[in-house]
Amino acid sequence: MAEIKTIKTALISVFHKDGLDKLLAKLNEEGVKFLSTGGTQKFIESLGYECQAVESVTTYPSILGGRVKTLHPKVFGGILARRENEGDIAQMKEYEIPSIDLVIVDLYPFEQTVASGASEADIIEKIDIGGISLIRAGAKNFKDVVIIPSKAEYSVLLDILNKKGANTDIEDRKMFAERAFGVSSHYDTAIHNWFVK
């Protein structure tokens, strides 16, 4: 029997919003709650959906010019907590950490920024920290969490939602984790190559 998990809460924080509307419509139809930041939160609300601000969970605003938004134990605890580990569950209750079952995130366009001939300062600002950390956390905990690491996976998740509702099995989640580590590997390689040059 495949390990079925139901998506109840989604953390969504994306740079590219094209194609996200269809996915949001289906997730909303399935009763999934949305949690988001900044521009993505405004986008979700502009479509008429309720969306909780990450700041209301962390009790911290976005700081350092947007460099720190999601990097917080309540966010990463909600993604990394093992749902069948009694100690993890107890700590989630103790520290009021919400369970996050789906992470939809993409990365700042580092390669495009380099290709555009941007300044070193602009390129440095396009080295994603929160996004890459969310991708790695969601992928690491694929036993419990669905990670969507780029808009290329929106249609794949939508197909699963259309077939199974808000339920995923372990094979689905492991496939997304594999793709997520592919995204993070490619991204870090691009950054490394830029530094080498």
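Q: Which exposed residues does the face of α1 turned away from its buried side carry?
A: That face carries Lys22 and Glu29, both exposed. Keep in mind that this is a predicted model.

Q: Which residues of α1 are buried?
A: Helix α1 spans residues 20–29. Its buried residues are Leu20, Leu23, Leu24, Lys26 and Leu27. Seen down the helix axis, they fall within an arc of 165°, so they line one face of α1.

Q: What covers the buried residues of α1?
A: The cover includes strands β2, β3 and β5 (102–105). Helices α2 (38–46) and α9 (154–164) also belong to it.

Q: What follows α1?
A: Gly31 does. Its phi is positive, near 80°.

Q: How do I read the sheet, and in what order do the strands stand?
A: Start with the general idea. Strands of a sheet pair through backbone hydrogen bonds, in a parallel or an antiparallel sense. Here, 5 strands form an open sheet, ordered β4-β3-β2-β5-β6. The pairing is parallel.

Q: Which strands stand at the edges?
A: β4 (52–53) and β6 (146–148) do. Each has a single partner strand, so one side of each is left without a neighbour in the sheet.

Q: How many bridges join β2 and β3?
A: Strand β2 (residues 9–13) pairs with strand β3 (residues 33–36) over 4 bridges, in the parallel sense.

Q: Is Ser36 buried or exposed?
A: Buried means under 20% relative accessible area. Ser36 has 0% relative accessibility, so it counts as buried.

Q: Where does the side chain of Ser36 reach?
A: It reaches the backbone oxygen of Ile12 at 2.5 Å. A polar atom of the Ser36 side chain also lies 3.3 Å from the backbone nitrogen of Gln41.

Q: Which residues of the largest nonpolar core touch the most other members?
A: The core has 53 residues. Ile12, Phe34, Ile79, Leu102 and Ile104 touch the most other members. Helix α10 (residues 170–196) gives the most to this core, with 8 residues.

Q: What is Ile104 in contact with, leaving aside its neighbours within four places in sequence?
A: Its contacts include Leu11, Ile12, Ser13 and Val14. Leu20, Leu23 and Leu27 are also among them. Ile148 and Tyr154 complete the list.

Terms used. Residues are numbered from 1 along each chain as its sequence is written. This is a predicted model: local features need pLDDT of at least 70, side-chain atom pairs count only at pLDDT 80 or more; totals for chains, interfaces and linings use all residues. Side-chain values use heavy atoms; hydrogens and water are left out. Two strands pair if DSSP finds at least two bridges between them. Helices (H or I, at least four residues) and strands (E, at least two) are DSSP runs, numbered from the N terminus. Buried means under 20% relative accessible area, exposed over 50%, partly exposed in between (1.4 Å probe, protein chains only). A polar contact is a pair of N or O atoms within 3.5 Å; within protein, one must be able to donate a hydrogen and the other to accept it, and residues adjacent in sequence count only if both atoms are side-chain atoms. The arc is that of the directions from the helix axis to the C-beta atoms. Contact means heavy atoms within 4.5 Å. A nonpolar core is a set of buried Ala, Val, Leu, Ile, Met, Phe, Trp, Tyr and Cys residues joined through side-chain atoms within 4.5 Å.
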